[in-house]
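The sequence and the model come before them.

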Amino acid sequence: MMARAAWGLSSFLLQQGGGDTWLNWIIMLLFLGVMNYYAGKLQVQVWMNDIMRALGQLERYTSEAENSLIEEASRFGLSRQELSKRVRGFKSFFEIAPVTLDPAGAIRRLEHILDVERDRFKRFVRSIAPNADDDKLMNLTDQLAGVIMLDRVYRIVRHYFLLGKKTQNLIYIAQIQMMIPEILRIAKAYWKSADAFRKGVPVGDSVGPLVALRLLDGAQTREIAEDVIYGEVDVGGRRVLVVKSKGPGGRLGKPGEAIGRLVDMFGGRIRAIIMVDAAAKLEGEETGEVAEGVGAAIGDPGPEKWKIEEVAARAGIDLISFAVKMSPLEALTPMTREVDSAADEVISRIRERIESDYRPGDVVIVAGIGNTVGVGNEIPRGGRGDSDVGVRREGAAS
Amino acid sequence: MSGSGEREQRREVSVGHLALLMALVIGLAAFSILLIWLSVLDIRAGRDAMNAFFQFIMGLAGLALAGKSLADMTRMRLSSGEKPVEVVSVIQCVDCGHSAERNFSDGEYVGMLTGERCPECGGPVYVARIYVKGGGEERRQRRILGLPAAA
């Protein structure tokens, strides 16, 4: 019965479409005219549906990251209701970049704003988790930063979606729709980072501090700048000063300030600054691929990078960088095995570089840049480490 | 962990969305087969060969589109199907270097003395590595590029 009906309908349609009567021509022209008018509107509707779906996803990411923060912070003093109220009030936190119309002193002003922001974050997190230790506070601070970022992305996408809907402006809608895959990729990275920081697991971005920790191989360390430690090891008769942020809480510290102080302490004896950091890979590149280059490998907003470039240029010090390639998602989520293995390769290459390019007695700084969540400050004495880099442990220079 | 790594790049869809897509693909395939059948009947009966030829071509194109859509659907993943990732800690003896891999415990960090004892020599044990097992995204990219799987 159904087959016969389908046959009849198909035959009718084909006969109508296949004929060359004036009626068919009119129907065809009418169809083209209607489609010409409605095709654009249909396309906009399809794009709007895509954006709406993405908005739903972003809202879910934001609320889940927020709930994760509240759940974790509730273990340290305040009730969930109180935490929910406070976090909701702080979520829309913003920072205003300094004016660059007059560029003189812009870096100093930016650094001040970043210091104030960091301080404000610390105070807020301390207020919502009064019983947490310093490392836990730093992990909660990173979780909070993720929530703020997700909320900001959600609000911006929602803004353009509603604006496009209100004005029926195709350009607004098309732009946001085309950016959605990348926006969702970044949002997903922040969403997943909440779990990593909650548990204190090393993330991909921790590869710099991990290299520093393994290179230190049990050497004593001490604090040289805010949230930054350093220790000294011997590599083939060269003195190597290893710098990393203070772990195992999620800190970035001020490596630029630390390097500046070490250069001041050791005068003109420092021959090179070798930096190690995670870098965004291009699609098709392998995670954990190690690349070498020159310049300051550090992804800060500006002040720390500027300090390192300034001190290297002033003292005529080689500025060498090693980058470990990974995607933005891998940089913010628990470290993969490939990245962990890349840390060993970086250590071997640093050692080769130091022994081939510098003479015994030279002083070289190695700075492991990145978030040090889940990475401690010292490997226990006697620890051999899987990465046998052949370094001799030394006490920290005074 | 709720899931991690780039292996979750596949498009997420709801069950309803997937069912609708499946119905459309089945409908398109059925209509395409009908067109091909009609065209064969027309050719056998010796009616309007040009029309039958176009029907045949349209039927083939419809089948190809249905096949491509079906292949795309196999790459989709249901929203609820996220695979949890496995975070592991490699613990190592401070004295003899003996190492073993086990599940990560909350609060552990690289360089931490765990308080456990080495099964080989009884020495103290520390966390030497923490990482997730994965690499699915790279395998997918190598497949797209037609490269052999990495060792």
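Predicted model: local features only at pLDDT ≥ 70, side-chain atom pairs only at ≥ 80, totals over all residues.

Q: Is helix α7 of chain A largely enclosed by the rest of the structure or exposed, and why?
A: Buried here means under 20% relative accessible area. The buried residues of α7(A) include A:Val207, A:Pro209, A:Arg214 and A:Leu216. Because 10 of the 10 residues in the helix (residues 207-216) are buried, α7 of chain A is largely enclosed by the rest of the structure.

Q: Which element gives the most to the lining of the largest pocket?
A: The largest pocket holds about 1,600 Å³ of space. Of its 49 lining residues, those closest to the centre are A:Asp142, A:Ala145, A:Leu252, A:Gly299 and A:Pro301. Elements of chain A that give two or more residues to this lining include α4 (106-128), α6 (170-199) and β4 (270-280). The most, 8 residues, comes from α5(A).

Q: How many residues in the lining of the largest pocket are charged?
A: Domain 1 (44-199) and domain 2 (204-393) of chain A each supply at least three residues to the lining. By residue class, the lining divides into 25 nonpolar, 9 polar and, for the charged class, 15.

Q: Which pattern does chain B follow along the sequence?
A: Chain B has 3 helices and 6 strands. Read along the sequence, their order is β-α-α-β-β-β-β-β-α.

Note on methods: Residues numbered from 1 in each chain as written. Chains lettered and ligands numbered in written order. Heavy atoms only, no water. 1 Å grid on protein atoms, 1.4 Å probe; cavity = no way out; pocket = protein on both sides within 12 Å on 5 of 7 lines; lining within 4 Å. Points joined across faces, edges and corners; volume = space filled by probe spheres on them. Helix = DSSP H or I, 4+ residues; strand = E, 2+ residues; numbered from the N terminus. Nonpolar A, V, L, I, M, F, W, Y, C, P; charged D, E, K, R; others polar. Domains from an automatic or database assignment. Buried < 20%, exposed > 50% of the residue type's maximum accessible area, 1.4 Å probe, protein only.
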